[in-house]
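Please open the model in your viewer and keep the selection panel at hand. The tour goes stop by stop, with a short note on what to select and what is there.

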Protein chains: 2
Amino acid sequence: MSQNSTVNRRFVLASRPKGAPVAENFRLEETDLPKPADGQLLLRTVYLSLDPYMRGRMSDAPSYAPPVALGDVMVGGAVSRVVESKDAHFKPGDWVVAGSGWQDYAVVDAKLARKLEGDALKHPSLALGVLGMPGFTAYMGLLDIGEPKAGETVVVAAATGPVGSLVGQIAKLKGCKVVGIAGGEEKCRYAVEHFGFDECLDHRAANLGQRLKEACPRGIDVYFENVGGAVFDAVLPLLNTKARVPLCGVVSQYNAQELPKGEDRLTLLTTAILKKRLRIQGFIIFDDYGHRYPEFAKQMSEWFAADKIKFREHIVQGLENAPASLNDVLEGKNFGKLVIQVGKEAE
Amino acid sequence: MSQNSTVNRRFVLASRPKGAPVAENFRLEETDLPKPADGQLLLRTVYLSLDPYMRGRMSDAPSYAPPVALGDVMVGGAVSRVVESKDAHFKPGDWVVAGSGWQDYAVVDAKLARKLEGDALKHPSLALGVLGMPGFTAYMGLLDIGEPKAGETVVVAAATGPVGSLVGQIAKLKGCKVVGIAGGEEKCRYAVEHFGFDECLDHRAANLGQRLKEACPRGIDVYFENVGGAVFDAVLPLLNTKARVPLCGVVSQYNAQELPKGEDRLTLLTTAILKKRLRIQGFIIFDDYGHRYPEFAKQMSEWFAADKIKFREHIVQGLENAPASLNDVLEGKNFGKLVIQVGKEAE
């Protein structure tokens, strides 16, 4: 069944995953359409964003945000059209971005919805990528924590993803040398040819550490951390004195159920922080930088209008494919910003 | 033999330590007095500072400063008197602070020596402690990286040492709750009674993690890291969202020859940095903050003159005791800033 005007399909969290999420962790329910109260909107989801952070919300381990409760709709940002408005600032047919979750219809408070206007209407799904949360993450993490200077070397993984691709492009705009890391030759070629990275290394091939060293003969000044694991291991020895490491995610660890056995390298990291005088700083984009969203939106819109920013989307049709697609995101099988098209664009 | 006017006793690095330094790593030599060239000073050491960083210089592992070469004099800051001056700004008898190293006499470039004047002459050895490098380390690390706000909880280990004791006192001046950690009941009592800490916990007693949790019911906002190891392990789970961790040393690790076996907790740390949005930043005081020394000197002198800052020194007589005393510093056996009195104060 596809989206229609009388039934709300929704994915709720049925159980908490151990390791990678499986089909049984989700339950597809069908309900009546919810009704908006005063100050609320009824939204029809057109595009649903799938992002690595969602794995964290499926777990009840302590984190920066409360977990999704069992039986609750999976969280997620979406681009939607207003079906019914009980707020004077919105009318039926408006395009908005809001936290609708994994479902066809959502009721949200109007003050938590952002209307898409002007150029943003040309390509509404970009509000979930380069012009939205992932773009904002790349922009603030790189510029505010990473503080790249012209001539410095910036490294970022998931180089064809929405965050990594933008980190690299902004770093190039700032005059840096940019080395990406991605999974597979095709993505690496794309990062160089389409996104303008100076180099891009396949983390699936052997000797990542040695190849990264050769690609960064002057060391690494900024490592934008979004994956962790083997990439971080390769980066750490190459970080220069006073290097900055903005840290927005450790995707490689999200499905981990226990710590790896072997040497305890915690002190290896703290010793490196001391000897190299590193700055490693985690951030959660809207919590830490929400007040600077207008600055991002203005700058990114300008760059985008001037054709200085490229993007790539990976659009999957149908809400029913969301659970499997989330696993693709966690495993890096997507190629570009993964978006689920839940319903048609037209009213 | 004690200091005299014709022989220069000096400790050179004879071999590199494996684990804790041993007597054979040092060689006591006797030479003629060196001669200053134009722009240089001949200095007679009165007080020699022993500090944990010296262990790092004995190793040839990559670090922020080059190692002491085999056969070279051990590095170290000292308070000395000018014996002979080939620079117009200094005259015999002046008190100076300089990097004289572990020896009776040193020739240094006048521009690398700092003259002690005014109140600093009342207690010259403090230029190696609260009014010198350790004090500067505490001041900049706490205020510039830690950014403590009134009402926040600040934790620091080595609470009766020159850095830790000052971190706690400055944090109290800024209106924070201060919890120290030290080795043994006597030091803990002293941290509270003499330095004004709110609480101080003995890391040698059982259940440090639980006791620290009870001492910090609102969590930890700033952890000034100078020891690492078990203290860091106890602190990490208690760090609040947006906590800051200035990192100037990991003394507990300096003698480590290999990483501990067991789980690899590197990702535990990076995940905590993400989830709690931590800022962990290493710093080397004069490299990173040398340009702000005047600010420190002015503020600290004011506090000191107003009796707002307490100190404790642990003075050991005789250059010959330097090697064993360095081990005491690394093991926390000193009680207060360890200073070797190498020669008499009087000219």
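Helices (H or I, at least four residues) and strands (E, at least two) are DSSP runs, numbered from the N terminus. This is a predicted model, in which local features need pLDDT of at least 70 and side-chain atom pairs count only at pLDDT 80 or more, while totals for chains, interfaces and linings use all residues. Residues are numbered from 1 along each chain as its sequence is written, chains are lettered from A in the order in which they are written, and side-chain values use heavy atoms, without hydrogens and water.

Select residues 21-340 of chain A, which an unreviewed UniProt entry lists as "domain: Enoyl reductase (ER)"; such annotations may be inferred rather than shown by experiment. The span is 29% helix and 25% strand, and its end C-alpha atoms lie 18 Å apart.

Next, show both chains: 38 residues of chain B are in contact (heavy atoms within 4.5 Å) with 38 residues of chain A. Across this interface the rule finds eight salt bridges, each a side-chain nitrogen of Lys or Arg within 4 Å of a carboxyl oxygen of Asp or Glu. To see one of them, select A:Asp288 and B:Lys242, whose side chains meet at 2.9 Å, N to O. Several elements of chain B each supply at least two residues to the side that touches chain A, among them strand S12 (239-247) and helix H7 (266-275), and H7(B) gives the largest share, nine residues.

Finally, select residues 261-263 in chain A, strand S13, which pairs with S13(B) in the antiparallel sense over three bridges, where pairing requires that DSSP finds at least two bridges. Here A:Lys261 has B:Glu263 as its bridge partner.
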